Amino acid sequence: PAERGTALHMVMQHIDTTKPINEFSVQKQIDEMVNRELLTIEQAEVVDANLIVQFFESKLGKRLMAAAFVKREIPFTMSLPATEVYVDWKDENESIFIQGVIDCVFGDEKGLVLLDYKTDGITDRFKGGFDQAKPILEDRYRLQINLYKKAVEKIWRKPIDECYLFFFDGSHIIKLEEE
């Protein structure tokens, strides 16, 4: 599963959003990535091109394709007061060093959008399907996305207007609202 997630992220990082995206074009890109040694043959075999196409057929995927500004795989590091990360933290003078890689940030007429791709199993894991999974997944990733948002806003000095999670399993999208 981890290898599959890495491969899906790699394809999403390199997909050409200026051209039509369909199963044929995605498979062609996967083959080119193998030729350029960006993916192994084994990784390429576990990437379902249809999952990527499903994302780009969504409203969010169409927004990404039409965006004036797209950045992918954005590494960051930042230091925050520990009390901003952990509510129960006692030492107000202690800082935490945070680093990560943001899957995608794009800008359109609605503002800056932070997007994170997820490969969690949903279909076979939650008896109640996505309705049961949604609040669990929101809770699981809220801190991560809030930290990513803080990092972008702090480094770029621009506000993030919307944050989304895209789950390949079932092509589900969650918009994370401010709490």
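## The S2–S3 hairpin

In this predicted model, strands S2 and S3 make a hairpin, and 2 residues lie between them. S2 covers residues 95–108, while S3 covers residues 111–118. Their pairing is antiparallel and runs over 5 bridges.

Gly107 has Leu112 of S3 as its bridge partner. Val105 stands opposite Leu114, also in S3.

## The S1–S2 pairing

S2 is also joined to strand S1, which comprises residues 69–81. This pair is antiparallel as well, with 12 bridges between the two strands. One of the contacts links Arg72 to its bridge partner in S2, Cys104.

## Burial of S2

Is S2 mostly covered or mostly uncovered? The strand is mostly covered: of its 14 residues, 10 are buried, where buried means under 20% relative accessible area.

## The sheet as a whole

The strands S1 to S5 form an open sheet of 5 strands in the order S1-S2-S3-S4-S5, and the pairing is mixed. Strands of a sheet pair through backbone hydrogen bonds, in either a parallel or an antiparallel sense.

From one strand to the next, the twist averages 35°.

Technical notes: Residues numbered from 1 in each chain as written. Predicted model: local features only at pLDDT ≥ 70, side-chain atom pairs only at ≥ 80, totals over all residues. Heavy atoms only, no water. Buried < 20%, exposed > 50% of the residue type's maximum accessible area, 1.4 Å probe, protein only. Helix = DSSP H or I, 4+ residues; strand = E, 2+ residues; numbered from the N terminus. Pairing = 2+ DSSP bridges. Axes fitted to C-alpha atoms, helices over the stretch in contact; angles between N-to-C directions.
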